[in-house]
Amino acid sequence: LHDIYFPYDSAKLTSLNIQRLKENAKVLKENPNIKVLLVGSASPEGATDYNLKLSEKRVDAVKSYLVEKEGIPEAQLKTKAEGEIEVPKTDWSFVRKVKFVIINE
């Protein structure tokens, strides 16, 4: 399962994001017993509360796409918004994402 990366200050799904989400949806459809935690995060630029909301928007965009466009059952997905992740500036673009984590229930 691929993580979905976002541009600075954005929760908009790009064409590359959609391609990756289609690939992830195929895996989820082939393995309906897999449950996934979608973890949204943001780089540490800006206010902490804003970054938390941005990570929530990112997670919501990914979940909505998977459920509404790809038909993934909501019960197969859980969400968590982490807000900003403190990393060196050179790594900021790598934490603007929604991570797919397989969970055991």
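The backbone oxygen of His2 lies 2.8 Å from a polar atom of the Asn24 side chain, a polar contact (a pair of N or O atoms within 3.5 Å; within protein, one must be able to donate a hydrogen and the other to accept it, and residues adjacent in sequence count only if both atoms are side-chain atoms). The structure is a predicted model, in which local features need pLDDT of at least 70 and side-chain atom pairs count only at pLDDT 80 or more, while totals for chains, interfaces and linings use all residues. Residues are numbered from 1 along each chain as its sequence is written, and side-chain values use heavy atoms, with hydrogens and water left out.

Asn24 belongs to helix 1; helices (H or I, at least four residues) and strands (E, at least two) are DSSP runs, numbered from the N terminus. With a relative accessibility of 1%, Asn24 counts as buried, where buried means under 20% relative accessible area, exposed over 50%, and partly exposed in between (1.4 Å probe, protein chains only). Leaving aside residues up to four places away in sequence, Asn24 touches Leu1, His2, Ile4 and Phe100, contact being defined as heavy atoms within 4.5 Å.

Helix 2 comprises 22 residues (48–69) and should span 32 Å, in agreement with the 31 Å between its end C-alpha atoms; the expected span is 1.5 Å times one less than the number of residues. Buried residues in helix 2 include Leu54, Val59, Val62 and Leu66. Asp49, Lys53, Lys57 and Glu68, on the other side of helix 2, are exposed. The cover over the buried residues of helix 2 includes helix 1 (15–30), strand 2 (35–42) and strand 3 (77–84). Gly71, which follows helix 2, has a positive phi near 75°.

Side chains of opposite charge can pair when their charged atoms come close. The structure holds 6 salt bridges, each a side-chain nitrogen of Lys or Arg within 4 Å of a carboxyl oxygen of Asp or Glu. One of them joins Asp3 and Lys97 (3.6 Å, N to O). Asp3 lies in the segment before strand 1 and Lys97 in strand 4, so this pair ties together parts that are 94 residues apart in sequence. Lys97 is buried, at 15% relative accessible area. In another salt bridge, the closest N and O atoms of Glu30 and Lys26 are 2.9 Å apart. Glu30 and Lys26 are 4 residues apart in helix 1, a separation of about one helical turn, and both are exposed.
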